[in-house]
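Colleague: Hi! I have a structure open and would like to walk through it with you. Could you put it up on the screen?
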Number of protein chains: 2
Amino acid sequence: MPPLKIALIGLGTVGSGVARLLIEQSERISRRAGRSIEIRRAVVRDLDKPRGVELPAGVLTTDIQSVIDDPEIDVAVQLIGGVDDARTVMHALLDAGKDIVTANKALLCEHGFELFGRARELGRTISFEAAVAGGVPIINAVSQSLAANQILSIEAILNGTSNFILTEMLTKRTAYDVVLREAQELGYAEADPAMDVDGTDAAQKLVILTELAFGTNVPLTAFPVQGIDTLDLVDLLTADELGYRVKLLAVVKLLDGQLEMHVQPTLVRADWPLAKVDGAFNMIAVEGDAVGRTWFSGAGAGQFPTASAVVADIIDTAVGRAALTFPQLDLFREQAALPVLPTEKISRRYYLRFTVEDRPHVFAEIADILGRNGVSLASIIQHETPEPDEAPAATDEATVSVVVMTHRTTLGKLQAVDAELDRLTTLHGPRVRMPVAD
Amino acid sequence: MPPLKIALIGLGTVGSGVARLLIEQSERISRRAGRSIEIRRAVVRDLDKPRGVELPAGVLTTDIQSVIDDPEIDVAVQLIGGVDDARTVMHALLDAGKDIVTANKALLCEHGFELFGRARELGRTISFEAAVAGGVPIINAVSQSLAANQILSIEAILNGTSNFILTEMLTKRTAYDVVLREAQELGYAEADPAMDVDGTDAAQKLVILTELAFGTNVPLTAFPVQGIDTLDLVDLLTADELGYRVKLLAVVKLLDGQLEMHVQPTLVRADWPLAKVDGAFNMIAVEGDAVGRTWFSGAGAGQFPTASAVVADIIDTAVGRAALTFPQLDLFREQAALPVLPTEKISRRYYLRFTVEDRPHVFAEIADILGRNGVSLASIIQHETPEPDEAPAATDEATVSVVVMTHRTTLGKLQAVDAELDRLTTLHGPRVRMPVAD
């Protein structure tokens, strides 16, 4: 077979990893692709920036149009970030007849439905294994390996930075700010970590998985998204005492024909697989109606884990598998999208923490408000707060922490509770609310 | 596209699960296969046996020849067990132009190299996701998702029965025999569990994974295979105290161009993912040179998890992906097979337990023998044996258990030690030797 000619659009960390794999492992990769793979262009902004990879003369260019206009280029590996420019470029590449391999999750989250549909109209493919959980082949698993199943739920740790920070906070009993700084120094967190720690990154990946597993395009605004950036160490320690780990869990579940979705710091029973994932790893638990529960885990990011996923997609495209798989995916199915369960109707168990004045009857008022709103309590833990070694004490002398585990209740009821609690003068400090996984 | 016509050869637990999925979920499965899938024949031994599935009239037959002779049948789903008959049947089916989907690991372990080669000569495909770790799509992961990688190691829990028994022994502090009986009553162990508990089943799966990942066909006799059927609860409890779990680990590693392979009860650090897999689950840890470490976990067996894998293979064949993937696999590659490291050269750390007379200098003799044979000790633990609640005490009053953790050493050296220890009169009871994973 003739070589597959590709262009790399973007040659940052992942792009240069892809180039190195293709060049340094060309024998292995061509054997598995059934043909050699030739990097014909690599489009960059700055020709002089060092890339850590030696490309043949004439490959490096700043001119994206030279890719669009070159009919010999079969595949564009689109590794530029951002949304608007990337979208324009992808449309131009599709229109020019290129198959696409991409790692741009933000783009697919916002415009995937449109782009997938356009690719299908044009008979082209978009492969995106690297867009969700880099080193974990979850796209392939859901698309092919679990194709016999109706997916029932996906529960996942999709942001390695957040998981690293949570692990460090708990094991070192150290406050969020301190751990974040360390993570930045170690390279586990970006200089601007906002999208990682505020839940956006995990939510974007959840949107892509939801489109793949349920054929439904859900905007980021349609479900609760909360990050780890407001977590207090005290709650991690209290949860630990109660037999739970706090994880930033991204969840989509099929319930009575509706999708329940959320990304939130969540209490996970310590003996569950998702609770046992420590450090900068990802794990995706997928439940199918035939296969039952399966778990996939590995590096969620990083140069070579992500490059491994990109190259697998390039091989898939070279072999011709992508052309067979893509039209069969549920990404753009004609049947009606599934409705998303309204936030206020999401029913879960909750961990609640209140800081109250340390005198009789104060908690009775809270219990009364909970009770009148139909929130019933599974347990009340009013004991000495586990004292972080370094963090400032969460209570002062006049107040005490009360932790409550509720029975299953809706967010709507808890919002009504909140409105009443706002008027109590005996409540101080932060009120904490985290769902419990089940 | 015209329907894909298939024959089910064997309609036992897995076969009837496959039939039910294909019939009850035909809309979903045809959408993903891009065509409908028609069960044209189901070959059984006994037409009258209840199957838990309603097949169209005329489908059930005892005549395998009616499948071989029917040119309209595209795919044979071969779910009969055993080796010799299954091999003859598979050859006949391949020669008749059928693509194959199978779950028969014993057959592929013994004759896979020959059958894969024959299929390739004939331009046919053999798909076998269900042959290794039913509900865990590890074949697809290694074949496609990790195709950019040189696999460096596979470390896996591949036998759910053994893992269930080990979990129960430890958590209930109960001896092997008692737990095995319970497992049989619960359906987690077969009436004849020999192949599960003696390591054969895991070793067969390891042979298939090794062929896939390293293009090398290794006979079962070329590496150490040991099961859990001789394990003493005392060693599980002692390992637990030392911070390890005992797991039946199937391992293949690429070391300096050679394959190190073994299936043995192994001490795994309690905080490693493989140590945390409890009950009747499988986990496969795969290390690739680009992706790093990844973990795949789920049900290793069972009617619908295995049927899910079989149907995924049927869909792959229907779509045409199998025809593209199969010729690219390393299953029958022309380059030289990798040599297998001889057993006596395998270098690992070991847990050793001796039962010695409880008087001075007895252990000094053992230490001397170890030392003279170049086995150096990392730690010696001579303390009260953790006492199982129900199991008979492992020591009587005149003897004491000594547990030793060695530094890295070879099996060859330990065999020389064993020969000398055999001559000691102060040693009593069983000598236990288990490798430590690293």
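Colleague: In what sense do strand β5 (residues 99-102) of chain B and β6(B) pair, and over how many bridges?
Modeller: β5(B) and β6(B) pair in the parallel sense, over two bridges. Strands count as paired if DSSP finds at least two bridges between them. Helices (H or I, at least four residues) and strands (E, at least two) are DSSP runs, numbered from the N terminus.
Colleague: Thanks! Before we go on, what should I know about the model and the numbering?
Modeller: This is a predicted model, where local features need pLDDT of at least 70 and side-chain atom pairs count only at pLDDT 80 or more, while totals for chains, interfaces and linings use all residues. Residues are numbered from 1 along each chain as its sequence is written, and chains are lettered from A and ligands numbered from 1 in the order in which they are written.
Colleague: Back to β6(B): which residue there is the bridge partner of B:Val101?
Modeller: B:Val101 has B:Ser127 as its bridge partner in β6(B).
Colleague: And what is the strand order of the sheet in chain B?
Modeller: In chain B, six strands make an open sheet in the order β3-β2-β1-β4-β5-β6, with parallel pairing. At its edges are β3 (60-61) and β6 (126-127) of chain B, each pairing on one side only. Helix α1(B) packs on the sheet and touches β1 (4-9), β2 (37-43) and β4 (75-78) of chain B. The direction of α1(B) makes about 155 degrees with that of β2(B). Axes here are lines fitted to C-alpha atoms, for helices over the stretch in contact, and angles run from 0 to 180 degrees between N-to-C directions.
Colleague: Let's stay with that helix. At what angle do the axes of α1 and α12 of chain B cross?
Modeller: The axes of α1 (residues 13-24) and α12 (residues 303-319) of chain B cross at roughly 65 degrees and come within 8 Å. The crossing of α1(B) and α12(B) is right-handed. For handedness, a crossing is left-handed if the near helix is turned anticlockwise from the far one by less than a right angle, and right-handed if clockwise.
Colleague: Which residues meet there?
Modeller: On the α1(B) side they include B:Val14, B:Val18 and B:Leu21, and on the α12(B) side they include B:Phe304, B:Ala307 and B:Val310. Residues are in contact if their C-beta atoms, placed from the backbone, lie within 7 Å. By class, this contact of α1(B) with α12(B) has eight nonpolar, four polar and no charged residues. Here Ala, Val, Leu, Ile, Met, Phe, Trp, Tyr, Cys and Pro count as nonpolar, Asp, Glu, Lys and Arg as charged, and the others, Gly among them, as polar.
Colleague: New topic! What rotation superposes chain A on chain B?
Modeller: A rotation of 180 degrees with 0.0 Å of shift along its axis does that, with an RMSD of 0.0 Å. The two copies are thus related as by a two-fold rotation axis. In chain A, the C-alpha nearest the axis belongs to A:Phe296, 2.4 Å from it. Superposing is by least squares on the C-alpha atoms of residues with pLDDT of at least 70 in both copies.
Colleague: How many bridges join β11(A) to β11 of chain B?
Modeller: Five bridges join β11(A) to β11 (residues 292-299) of chain B, and the two strands run antiparallel.
Colleague: Last one: which domains are assigned in chain A?
Modeller: The assignment gives domain 1 (4-134 + 305-332), domain 2 (138-299) and domain 3 (343-436). These bounds come from an automatic or database domain assignment. The C-alpha centres of domain 1 and domain 3 of chain A lie 50 Å apart.

Key. Contact = placed C-beta atoms within 7 Å.
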